[in-house]
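Visitor: I have a structure to look at today. Can you walk me through a few spots?
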Amino acid sequence: MLNISTYRAELDAGHLYVHLPEGVFLLDTGSHGSFGDVPRCTFGQDGGRLDSSLMGISMQSLRGHVRKDCVGLIGIDVLAEHPMLFDLGSSQIHVGDDAWASVADSERSACEYRPMIGGVPAVALALGGRDTVAIFDTGAQYGYVLQESQCAGAAPAEPISDFSPLLGDMSSPSWEVDVDLCPRRAARAGALGNLRQRVGVMPPLGGQMLSLIGVRAIIGCGWMRTCRVGLHGTVGKMWLAT
């Protein structure tokens, strides 16, 4: 018998939600911890105990900035424990030791995974044709870079108005930037991993925090309907498949 739990998932206005037995949760790979208004969450075979807040951030402080009524946020402390398969084209997330069984090894294009402080996932990618290390953050509505020069040559887009629980309200000019999540993929994979991300510039404090850990960008989750994504943080693996 396969060890897989499957949950309904939604990508709405740049945020990723998962429907668990306890209610709807934000799914945030960019957060090192989980919290909620409920005392626990069921994700895969395990149940995780939840604190009511993380570093002073609670669901009450987030509710005005997301479109769905959520009971909690699941961070990488819970998400990293088991293999996950994001199949947002089918509005599903599969979790468990056999979550990747439906995708043969030969169909997977590996990303160059770089675990960061607290287990938050980062990948080595090409942004605007330049090699960059970026946090893979499903809690981010938009992509971000540290400096405007990283978007040189990209088409300008509408200014961004955003909110970060740590940095507060944020505003920035933005650009539509070409991103390649698998710049070293095999030729058979074609254009898999090529996407266009709307990108703004981080506030100075946020940029300083990222530069200290060797990160130059953040990639959000708006592209995830275009392919299936495998992620297992504990073993440091991430891959894409059609």
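Visitor: Is His-32 buried, partly exposed or exposed?
Guide: His-32 counts as partly exposed, because its relative accessibility is 39%. Buried means under 20% relative accessible area, exposed over 50%, and partly exposed is in between (1.4 Å probe, protein chains only). This is a predicted model: local features need pLDDT of at least 70, side-chain atom pairs count only at pLDDT 80 or more, and totals for chains, interfaces and linings use all residues. Residues are numbered from 1 along each chain as its sequence is written, and side-chain values use heavy atoms, with hydrogens and water left out.

Visitor: Where does His-32 lie?
Guide: In the loop between β3 (23-27) and β4 (35-36). Helices (H or I, at least four residues) and strands (E, at least two) are DSSP runs, numbered from the N terminus.

Visitor: And what does His-32 touch, not counting residues up to four places away in sequence?
Guide: Leu-54, Met-55, Ile-76, Asp-77, Gly-118 and Val-120. Contact means heavy atoms within 4.5 Å. Take Leu-54: His-32 and Leu-54 are 22 residues apart in sequence, and their C-alpha atoms are 9.3 Å apart in space.

Visitor: What about Met-55, buried or exposed?
Guide: Met-55 counts as exposed, because its relative accessibility is 61%. Its place is in the loop between β6 (46-49) and α1 (59-62).

Visitor: New topic. Which strands are at the edges of the open sheet?
Guide: First, the sheet. Ten strands form it, in the order β4-β7-β3-β2-β1-β9-β8-β19-β20-β10, with mixed pairing. The edge strands are β4 and β10 (109-110), and each pairs on one side only. Two strands pair if DSSP finds at least two bridges between them.

Visitor: How many bridges join β2 to β3?
Guide: Four, and the two strands run antiparallel. Strand β2 covers residues 15-20. Tyr-17 stands opposite Leu-26 in β3.

Visitor: Which value of phi does Ala-13 have?
Guide: Near 55°, a positive value in a residue other than glycine. Most residues other than glycine have a negative phi. Ala-13 is found in the loop between β1 (5-12) and β2. Ala-13 is partly exposed, because its relative accessible area is 32%.

Visitor: And what is phi for Ser-91?
Guide: Near 60°, a positive value too. Ser-91 is found in the loop between β8 (84-87) and β9 (92-95). With a relative accessible area of 34%, Ser-91 is partly exposed.
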